[in-house]
Structures are given as C-alpha cells and as structure tokens.
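Dear colleague,

Please find below the structure that I am handing over to you. My notes on what was found in it follow.

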Amino acid sequence: MPFDLLIKNANLPDDRIGMDIAVTGGKIVAVESDITGEAGRVIDAGGRLVTPPFIDIHFHMDATLSLGTPRLNQSGTLLEGIQLWGELKPLLDKQAIIERALRYCDLAVAQGLLAVRSHVDVCDDRLVGVEALLEVRDLVRDYLDLQLVAFPQDGFYRSPTAAGNLVRALDMGVEVVGGIPHFERTMEDGRLSVRALCEIAAERGLMVDLHCDETDDPLSRHIETLAFETQRLGLQGRVAGSHLTSMHSMDNYYASKLLALIAEAEIHCVPNPLANIVLQGRHDVYPKRRGMMRVPELMALGVNVAFGQDSCMDPWYSFGSADMLEVAHMAVHTGHMTSRDAVKSCFRAITENPARVFGLGGYGLAPGCNADFVLLEARDTIEAIRLKANRLSVVRRGKVIAETAPRMAMLSLEGRPSTVEPWRYAPVEARSS
C-alpha cells in the first residue's frame, strides 16, 4: 500500500542522520534509512532536522494579544501586570477572547507549536474566560492540543469567590488544578492554599500546576509545601511547579535541600525564561537578579524541566511570538547552558519534557506515534536553537498544515556568493563531534 506522506533524508533529535519517515492513516509507520515505496506526497528534508512538535506547557491564552488594553504596563513589574489584568477583566467579552485565542493558535501552528497548556483565570464570577477557552479547545482540537488549568489569579483565599469558581470550572471540563500561593495575604494562607488545591486534585484524579514562588523573596517557600503535599497525597508525576523564581535568591544551603525534595517528589519544574527575566529583579539596582529557577542543577538531579512561554503581548509581557525556540534560546543564555549537552537538554525542554507534563499520548518520532512533526531549517537541535530556525513544514496527523519559505538572502558583492542561507553555516567540527 502506498504511504500518505514520506519524509526523506531527515536528521532526528537523537542525532540519527539520513532517516526516512513514512506515514499512513495519520500515524508514523516506519522510521529507517532508504524507505522505498510510493507516497501521496514526498518531502525531501535534505539533511535538515525533523522534530516532534513544540509544546508550550505554561501560557495564558485568555490574556494573549491584549497588549495595550486598557493601558500598558509602565513599571514592567509582575504586580502591575496583575493590577492591569484586574482592570481588563470587567471589560472581557467571550467572543473577543475566542477571536484573540484563535488568532494566537494560527500563529502557534505556523511556529510548529501544536500543544499548549493554558491557565485561565477563574476569579471573574462570570467565568467568561473559562467558557471562551473551552470553546476554543473544541474549535482547534483537530490541529492543536489545548489543555486548561483553573487558575485563581487573585488568590484561592484572597479572592472571596475563587474557591467556588475553581470547582465550577473543573465541573465545566477544565483539566488541571492551578493556584498562586505567594499572592495570598499571608505565608500561612499560601501554605493552606497549596494543601487545599492538592487535595481537590487528589479527590478528582487531576493534575496540579501552581504558579509557585514567582517572587524575588528568598523566604517564599511554597514549593517546599508543594513537594510535601505531593508525597502526602500520592500525586508524584502529576504536579508541576511553575516559575519558582525565588530559587534565584535563596541561600545555597537551603536550595541544596530543596532541590532534593523536588526530585524526591517527582515534581515537574516549569521555568518561563522570557517573562521572568524581565518581570523579576525590578527592585534591584546592581547586581540585578534575573529570576530564573536553578535549571542546570534541577536537570542534574533528574528533575523533568519543561520551559513555558507564559505570555505573548499581554499585560505582563509585551513581546512574544509563539516561538518555543526563542524560549529555549533565552534559557541557554540565562542559565549559562552553552555546552553541547546542555543546549540539547534545552531543546528537550520544549519538546519531549513538556509532553511528559502534559500527559500527551502518541508523541514522538517512532512507529505507532501520531504523525505530528516539524521540518526545521537547521541540521540539528543545537543549530535549531542558535538560529531559532524556520519551520519549513508543520505536519499534524500526516497532513501538512503550515509551510514557510526557506530563508535566503541575495547578495550583490563582487567576488562573493550570490546567496546566503544561514542554516548552512553550522560548524563542521561541531557537527561531527
């Protein structure tokens, strides 16, 4: 039987080169060299990288593309962003949220980003954001996996109706329990909110993803409580701690204890490099803290670290482009993760690692996996991050759903080549090492 799609001469993230990928019925049926046979469509990768799709494991789709409404964040701080979002919430309209979210999903697909976990604020009693994103989830399910987190932005206890609204959102079909313990009125309320939220997840058999210690305060230690509650309730592997920026400011001795507790509890850790390096350290003069969790140290302990984009043109972050390679690129720099192995680990943090957090079935480049993958204009994962490479083809269930023209500059220089293709500048020695 002919294949629906055949990719020829592809390099893979595990460093195999010259591989072919055959697709039938929306599934990968073979990954090997020199596959022969007819196919409805053949794509010659030409020695470029084919990877499973990118995954954004931490995002706020109810706020995306709202930049400037009702005003801009002048201080650039997290707290002003929350205040600005509070000003915007009464103005939110379901259809407007849907339209912004769908526009963002178009951009995401073009960037090879085919799975997103989005937090959705439940502190608006109308739950208009929840209703909107549940509808969006259904509208995009054929081309993008959208997973929703019930997020009490104003505090599970601090907001008088948040607890009830969170349960309502879960009853409506939101899949993950969220929270923000460091934004409660007291450290004790934060601790109690972690306990209560984990108990809700345990009772319902759900996952947990908490905005945890997103602060420069070295004494904000709700991740310690989250690790304890994860083990007490048997939630290992189902809990994510997002941000954890206080880790940047903690005493090294305490951090050495904390990292081991996180690893023992099998908590997934989700840094957000783009947003947090501009939101954190705003009260510092010099030196300035940059508010990233201790990514290399966590990875060294075997903790599953998955990068999130967090925001895209919203009250908290005025940049962003649905580009997870940009996220990994920033993580390489902020974490001093420039060794070849470290860069490769950052690529895994936007692909296979978040797939584990998401619980995404059929993910990967092996026979039997869903035929979801991206052809990048780069030779390998290191070059993909260096170049923030073009997505030449984006494939979902064996169908090409987005294509981008190769990047090429035309030169008019005497005695020099007529064209420049940046992906061909990969260092030869590095490629062979």
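**Salt bridges within the chain**

Glu87 counts as partly exposed because its relative accessibility is 31%. Please bear in mind that this is a predicted model. The side chain of Glu87 meets that of Arg71 in a salt bridge, with an N to O distance of 3.0 Å. This pair links distant parts of the chain, 16 residues apart: Glu87 belongs to helix α1 (residues 78-88), whereas Arg71 sits in the loop between β6 (54-59) and α1. Arg71 is likewise partly exposed, at 28% relative accessibility.

A further salt bridge joins the side chains of Arg126 and Asp124 (2.8 Å, N to O). Here Arg126 is partly exposed at 40% relative accessibility, while Asp124 is buried, its relative accessible area being 13%. By the rule applied, the count comes to 27 salt bridges.

The protein chain is divided into domain 1 (3-52 + 364-425) and domain 2 (54-358). Taken over C-alpha atoms, the centres of domain 1 and domain 2 are separated by 31 Å. To the contact, domain 1 contributes 21 residues and domain 2 contributes 24 residues. About 1800 Å² is buried between domain 1 and domain 2, and carbon and sulfur atoms give 65% of that area. On the side of domain 1, the residues that lose the most area to domain 2 are Ile385, Arg391 and Arg396, which together make up 38% of what that side buries.

As to polar interactions, six residue pairs are in polar contact between domain 1 and domain 2, both residues being at pLDDT 80 or more. The elements that give two or more residues to the side of domain 1 touching domain 2 are β5 (49-51), β13 (373-376), α13 (381-387), β14 (391-396) and β15 (399-403). Of the elements on that side, α13 gives the most, with five residues.

Three salt bridges are found across the interface of domain 1 and domain 2.

- Arg391 forms a salt bridge with Asp323, the closest N and O atoms being 2.3 Å apart. The two residues lie 68 residues apart, Arg391 in strand β14 and Asp323 in the loop between α9 (295-300) and α10 (324-334). Arg391 is buried, with a relative accessible area of 3%, and Asp323 counts as buried at 8% relative accessibility.
- Arg396 meets Asp145 in a salt bridge between side chains (3.1 Å, N to O). Arg396 and Asp145 are also linked with Asp372 and Arg397 in a network of salt bridges.

**Arg137 and its surroundings**

Arg137 lies in helix α3 (residues 128-140). Arg137 counts as buried because its relative accessibility, 16%, is under 20%. The side chain of Arg137 reaches the backbone oxygen of Gly173 at 3.0 Å and makes a polar contact with the side chain of Glu175 at 3.1 Å. Apart from neighbours within four places in sequence, the residues in contact with Arg137 are Leu146, Gly173 and Glu175.

**Cysteines**

A search of the whole structure finds zero disulfides. Cys198 is in no disulfide, and the nearest cysteine sulfur, that of Cys212, is 9.1 Å away. Cys198 counts as buried at 0% relative accessibility. Cys369 is buried as well, with a relative accessible area of 13%.

With kind regards

Methods
Residues numbered from 1 in each chain as written. Predicted model: local features only at pLDDT ≥ 70, side-chain atom pairs only at ≥ 80, totals over all residues. Heavy atoms only, no water. Helix = DSSP H or I, 4+ residues; strand = E, 2+ residues; numbered from the N terminus. Buried < 20%, exposed > 50% of the residue type's maximum accessible area, 1.4 Å probe, protein only. Polar contact = N/O pair within 3.5 Å; in protein donor to acceptor, adjacent residues only side chain to side chain. Contact = heavy atoms within 4.5 Å. Disulfide = S-S within 2.5 Å. Domains from an automatic or database assignment. Buried area = accessible area lost by both parts, 1.4 Å probe. Salt bridge = Lys/Arg side-chain N within 4 Å of Asp/Glu carboxyl O.
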